[in-house]
Amino acid sequence: MCPDQTCRMDFETLLADPLTRAVMDSDGVSERDLIAVLELARDARMAHAD
């Protein structure tokens, strides 16, 4: 991941991260499933920001 906040934070960057991939693989989570959960979290956060 990007500890100093200088990299882009989007689905592609997250899915390319080796640590993210290792956790996904160990938990049996597909890219589609992870993106769906992250979209729900983003939408919920945006709804509370209004």
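A: We can, keeping in mind that the model is predicted. Start with contacts: leaving out residues up to four places away in sequence, F11 touches I35, L38, E39 and R42.

Q: Where is F11, and how far are the C-alpha atoms of F11 and L38 from each other?
A: F11 is in helix α1.

Q: Is F11 buried, partly exposed or exposed?
A: The general idea is a pair of cut-offs: buried is under 20% relative accessible area, exposed is over 50%, and partly exposed is in between. F11 has a relative accessible area of 23%, so it is partly exposed.

Q: How does T20 come out by that reading?
A: T20, in helix α2, counts as buried because its relative accessibility is 14%.

Q: Which backbone atoms take part in the polar contacts of T20?
A: A polar atom of the T20 side chain lies 3.5 Å from the backbone oxygen of L14. The backbone nitrogen of T20 is reached by the side chain of D17 at 3.0 Å.

Q: Where is D17 found?
A: D17 is in the loop between α1 (11-16) and α2 (18-27).

Q: What is the nearest side chain of opposite charge to D17, and how far away is it?
A: The general idea is that a salt bridge needs a side-chain nitrogen of Lys or Arg within 4 Å of a carboxyl oxygen of Asp or Glu. For D17 the nearest side chain of opposite charge is R21, 8.9 Å away. D17 is buried and has no salt bridge.

Key:
Residues are numbered from 1 along each chain as its sequence is written. This is a predicted model: local features need pLDDT of at least 70, side-chain atom pairs count only at pLDDT 80 or more; totals for chains, interfaces and linings use all residues. Side-chain values use heavy atoms; hydrogens and water are left out. Helices (H or I, at least four residues) and strands (E, at least two) are DSSP runs, numbered from the N terminus. Buried means under 20% relative accessible area, exposed over 50%, partly exposed in between (1.4 Å probe, protein chains only). Lys and Arg count as positive and Asp and Glu as negative; His and the chain ends are not counted. A polar contact is a pair of N or O atoms within 3.5 Å; within protein, one must be able to donate a hydrogen and the other to accept it, and residues adjacent in sequence count only if both atoms are side-chain atoms. Contact means heavy atoms within 4.5 Å.
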